[in-house]
Amino acid sequence: MTRGLRVLLFETPKDPYYNLALEEALFLLHSKGIIKDDVLRIWRNENAVVIGYFQSPKEEVDLEYADKIKASIVRRFTGGGAVYHDLGNINYAVITHGKTSTVYEIYEYLLKGIIKALKILGLDPWRENINDIVANNRKISGTAASIKGSTLFLHGSLLVSTDLEKLSKILRVSRKKLMDKGVSSVKYRVALVEDLIGRRIGYWEIIDAIVKGYSGLLGLQPYFDMPTKLEVLVADKLYYGKYLKHEWNFERKPSHYFKDVYREIDELLKTRF
Amino acid sequence: MGVYEVKSRKGLIRVQCISSRGLIRDLRITGDFFIYPEDSLWFLEEKLKGLRIRSIDELEEFLNKLLKSKGVELVGSTPRDFAEAIYCACTNSCGD
């Protein structure tokens with residue numbers, strides 16, 4: 001039985017590769033039934049571009065500028081677009097069980113939690129174009145979902161006080177996309193939560209709102225927790241064997257290319273149970 | 001090598017294609033689209049290699065069948081979007 005919503009605030013802002021490795025480890029362990037409770041993880045990176053599973057860094061990132069400001073480039077295991085992360089960008093990940101037959105339904109369902117959270121902060125947000133969160137006609141959060149067995153996964157990034165100048169310099173936006181959106185630059189389509197609300201928001205205020213949003217949606221009592229030893233061991237395997245690798249971050253190799261890592265994880269799980 | 005981008009409802013589909021005598025020799029699909037299960041993108045690429053390119057309609061039909069048989073879900077894009085991007089990249093006949 002589910003005991004509650006397990007909230008993890010563990011983060012490695014200076015090591016975005018580890019942040020993403022842990023994200024996959026949690027999803028993997030939940031899908032294998034080893035993590036039993038629903039999980040809400042909230043975390044940040046200090047200076048990184050996180051690209052979608054199917055993207056090519058040189059098409060999405062101004063690599064010269066990234067090098068200049070020493071931003072890391074990390075691929076995530078979900079589709080969608082590139083995002084610039086600094087400490088003003090808050091990432092949230094939700095892992096739960098569900099019976100949905102399509103991923104489209106995951107978006108419909110799990111975006112309700114962040115909408116609740118943003119309402120608590122005083123905004124009037126809505127879901128737009130399947131999986132974006134918009135307020136005052138500006139995008140403030142982008143999300144990406146995945147599914148493994150009966151485990152539903154959603155993560156998103158929320159622009160609270162990100163440096164939009166860096167964001168617009170580091171992300172390359174294709175001409176076709178700009179024509180489609182009818183705007184001249186990426187920074188005119190996004191907005192910061194702090195600007196929309198008109199005041200500074202503290203870290204704990206955001207955490208509190210997101211926790212309330214998702215515990216309310218899922219109907220679960222939240223409790224704060226830390227990653228377990230096993231979760232860290234699995235994240236370590238993914239970190240060294242996949243997320244630190246050039247093949248993963250730059251060459252668009254699929255997850256099954258890293259089958260040795262997954263085999264090692266399976267062996268590790270076998271010996272521990 | 002041909003390159004072509006199609007902006008679907010949700011996400012850009014960018015295809016790089018090497019073709020000769022009407023056959024796809026190599027191709028790579030990148031972008032910010034959503035496909036589930038995720039790794040079926042590589043399966044799709046493999047199935048497209050060696051295929052004869054005739055029309056967007058025929059490619060769409062091919063993709064439709066392939067996606068259906070594998071239970072693949074596209075979110076925010078259609079097989080038609082992919083067919084158009086592949087056709088245009090591989091034939092270099094769609095202008096810009």
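In the predicted model, Val3(B) has Gln16(B) of S2(B) as its bridge partner. The two strands involved here, S1(B) and strand S2 (residues 11–20) of chain B, run antiparallel and are joined over 7 bridges. They belong to an open sheet of 3 strands in chain B, ordered S1-S2-S3 and paired in the antiparallel sense. Strand S1 (2–8) and strand S3 (23–31) of chain B form the edges of this sheet, each pairing on one side only. From one strand to the next, the twist averages 20 degrees.

As a general point, the strands of a sheet pair through backbone hydrogen bonds, in either a parallel or an antiparallel arrangement. In chain A, strand S3 (residues 47–51) pairs with S4(A) in the parallel sense, over 4 bridges. Within this pair of strands, Val49(A) stands opposite Ile73(A) of S4(A).

Turning to chain A as a whole, the chain holds 11 helices and 11 strands. Its C-alpha atoms fill a box of roughly 55 × 40 × 35 Å along the principal axes. The radius of gyration of chain A is 18 Å, which agrees with the value near 19 Å that a compact globule of 273 residues would have. Of the 273 residues in chain A, 45% are buried. Among the contacts in chain A with a separation of 6 or more, 75% are between residues 24 or more positions apart.

Leu111(A) gives a local view of this chain. The residue is found in helix H4 of chain A, and counts as buried because 25 C-beta neighbours lie inside 10 Å. Leaving aside residues up to four places away in sequence, Leu111(A) touches Arg127(A), Asn131(A), Ile133(A) and Thr143(A). Arg199(A), by contrast, lies 88 residues from Leu111(A) along the chain, and the C-alpha atoms of the two are separated by 24 Å.

The two chains also meet, with 24 residues of chain A in contact with 19 residues of chain B. On the chain A side, the elements that give two or more residues are helix H4 (103–120), strand S9 (138–148) and helix H6 (175–181). H6(A) gives the most to this side, with 3 residues.

The average pLDDT of chain A is 94, and 94% of the residues score at least 70. Over residues 182–187 of chain A, however, pLDDT stays under 50, and for this stretch the model has 10 contacts beyond four places in sequence.

Note on methods:
Residues numbered from 1 in each chain as written. Chains lettered and ligands numbered in written order. Predicted model: local features only at pLDDT ≥ 70, side-chain atom pairs only at ≥ 80, totals over all residues. Contact = placed C-beta atoms within 7 Å. Pairing = 2+ DSSP bridges. pLDDT = per-residue confidence, 0-100. Rg over C-alpha atoms; globule rule 2.2 N^0.38 Å. Buried ≥ 20, exposed ≤ 12 C-beta atoms within 10 Å, placed from the backbone. Axes fitted to C-alpha atoms, helices over the stretch in contact; angles between N-to-C directions.
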